[in-house]
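Visitor: I am new to this structure and would like to learn how to read it. Could you show it to me and take my questions one by one?
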Amino acid sequence: MCTVCGCSGDGATISDATGGHAHAHPHEHGHGHDHGHGEGHSHAPGEAHVHTHADGTTHSHGHGHNHAHDHDHDHEHAPAGGTLDYGTGPARAHAPGLSQARMVEIETSILAKNDDYAARNRARFEAAGLLALNLLSGPGAGKTTLLVETLKALAGRLPTAVIEGDQQTDNDAARIRAAGAPAVQINTGKGCHLDAHMVGHAAEKLPLPPGGVLFIENVGNLVCPAAFDLGETRRVTLISVAEGDDKPLKYPDIFEGADLVLITKADLAPHVDADMAQLEANIRRVNPRAEILRVSARGEVGLSRWLAWLDKARAERLDALAAARESEAQALRAAARTSGGAR
């Protein structure tokens, strides 16, 4: 997981809203690439090495490279044919050369820095009266297609803008611009997720529509994007009917944080033997509070419930911001009256 291994977006580039030249994105994650490599033991190619763990169990493997191992794994050792669970320790992950305590320390540092950038993004989006949506899914779930059709349906009645995230190419941003919405492409290079720092730079290049909707299409990945707050108002996770009804159980993090789960390509369900009831049950098992909608990008009917959700979410957002600003205005008026009386 990125919060442990420290993969960064140091090679990220960001285009402008019209598809102009991209610029390199200097990045300050604070990841601290302290993997412990180069310390400890090394092995010649093909040499087998036996690991002895604190619980007395052992296992062996061959090596074709050098690396250090810190065997504070905190995972259960199963009998032959069982499951090795590397997600049971405090860090819920494993990285060679790092103890669970060190992994938690690194994750806390990375996410604290990201959360600071996310707070700045959130303040910017609130000032613009934006509903900012973070769209997450695995590759091929249909995020871009759904987004293109959504933008076409919203054209002329609701202002929109898009931030696109991919490791390479600006193909998706080009599709978005062709649909009539301004879009900035973020290429993350080797990075497998967007973070709040990247999104902040991208937002600077967009004409953020006052009172509108900002769609942030994250990199297709069912794991890493779940950990990073981008400053969004709502988080929307997509899963297609063809991906299997067990995906929410296999990749729970990306579903746990969702405000809305969209089951995409619903029109294909009969053709891929999708068990929609089981899929929805597994989503609710992981996240009982999330709303679940079945959608299809084929025709307006397949998008109707999603579009209604967008209208409602935007209205709730604007009402909440208006109420907060009215409260602030009343407090300022009260302060002014108190100050005038004091004189």
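Visitor: Leaving aside its neighbours within four places in sequence, which residues is Lys265 in contact with?

Guide: Please keep in mind that this is a predicted model. Beyond its sequence neighbours, Lys265 is in contact with Gly140, Ala141, Gly142, Ser240, Val241 and Val295. Take Ser240 as an example: Lys265 and Ser240 are 25 residues apart in sequence, and their C-alpha atoms are 5.7 Å apart in space.

Visitor: Where does Lys265 lie?

Guide: Lys265 sits in the loop between strand E10 (260-264) and helix H8 (276-286). With a relative accessibility of 31%, Lys265 counts as partly exposed.

Visitor: How should I read a backbone angle such as phi?

Guide: Here is the general idea: most residues other than glycine have a negative phi. Now for the case here: Lys265 has a phi near 55°, a positive value in a residue that is not glycine. Asp273, also not a glycine, has a positive phi of about 55°. Asp273 is placed in the loop between E10 and H8, and its relative accessible area of 72% makes Asp273 exposed.

Visitor: Stepping back, how many helices and strands are there in the protein chain?

Guide: The protein chain has 9 helices and 11 strands. Of its 343 residues, 47% are buried. Consider also the contacts between residues at least 6 apart in sequence: 67% of them join residues at least 24 apart.

Visitor: How do I read the burial of a helix, and how many residues of helix H5 are buried?

Guide: An α-helix has 3.6 residues a turn, so residues three or four places apart point the same way. In helix H5 (residues 196-204), 7 of the 9 residues are buried, so H5 is largely enclosed by the rest of the structure. The buried ones are Ala196, His197, Met198, Val199, Gly200, Ala202 and Ala203.

Visitor: And what covers the buried residues of H5?

Guide: The cover includes strand E1 (13-14), helix H2 (100-127), E6, strand E7 (183-187) and strand E8 (213-217).

Visitor: How do I read the packing of two helices, and at what angle do H3 and H4 pack?

Guide: Look at the angle and the distance between the axes. Helix H3 (residues 143-154) packs against helix H4 (residues 171-178) at an angle of about 15°, and their axes are 9 Å apart. That angle makes H3 roughly parallel to H4. The crossing in which H3 passes H4 is right-handed.

Visitor: Which residues meet there?

Guide: From H3 come Thr144, Thr145, Leu147, Val148 and Leu151, and they meet Asp172, Arg175 and Ile176 of H4. Not counting residues up to four places away in sequence, Asp166 touches Asp172, Gln185, Ile186, Asn187, Thr188 and Val219.

Visitor: Is Asp166 buried or exposed, and which side chain of opposite charge is nearest?

Guide: Asp166 is buried, yet it has no salt bridge. The nearest side chain of opposite charge is that of Lys143, 6.6 Å away, and a salt bridge needs the nitrogen and the carboxyl oxygen to be within 4 Å.

Visitor: How many salt bridges does the structure hold, then?

Guide: There are 13 salt bridges in the structure. One of them joins Asp229 and Arg122, whose closest N and O atoms are 2.9 Å apart. Asp229 lies in the loop between E8 and strand E9 (234-240) and Arg122 in helix H2, so this pair ties together parts that are 107 residues apart in sequence. Arg122 is partly exposed, at a relative accessible area of 26%.

Visitor: What joins Asp259 and Arg289?

Guide: Their side chains meet in a salt bridge, at 3.2 Å from N to O. Asp259 belongs to the loop between helix H7 (253-256) and E10, while Arg289 belongs to the loop between H8 and strand E11 (291-294), so the pair ties together parts that are 30 residues apart in sequence. Asp259 is partly exposed at 25% relative accessible area, whereas Arg289, at 54% relative accessibility, counts as exposed.

Visitor: And which residues are linked in a network of salt bridges?

Guide: Glu280, Arg284 and Arg294 form such a network.

Notes:
Residues are numbered from 1 along each chain as its sequence is written. This is a predicted model: local features need pLDDT of at least 70, side-chain atom pairs count only at pLDDT 80 or more; totals for chains, interfaces and linings use all residues. Side-chain values use heavy atoms; hydrogens and water are left out. Buried means under 20% relative accessible area, exposed over 50%, partly exposed in between (1.4 Å probe, protein chains only). Lys and Arg count as positive and Asp and Glu as negative; His and the chain ends are not counted. Contact means heavy atoms within 4.5 Å. Axes are lines fitted to C-alpha atoms, for helices over the stretch in contact, and angles run from 0 to 180 degrees between N-to-C directions. Helices (H or I, at least four residues) and strands (E, at least two) are DSSP runs, numbered from the N terminus. Angles under 35 degrees count as roughly parallel, over 145 as roughly antiparallel, 65 to 115 as roughly perpendicular and the rest as oblique. A crossing is left-handed if the near helix is turned anticlockwise from the far one by less than a right angle, and right-handed if clockwise.
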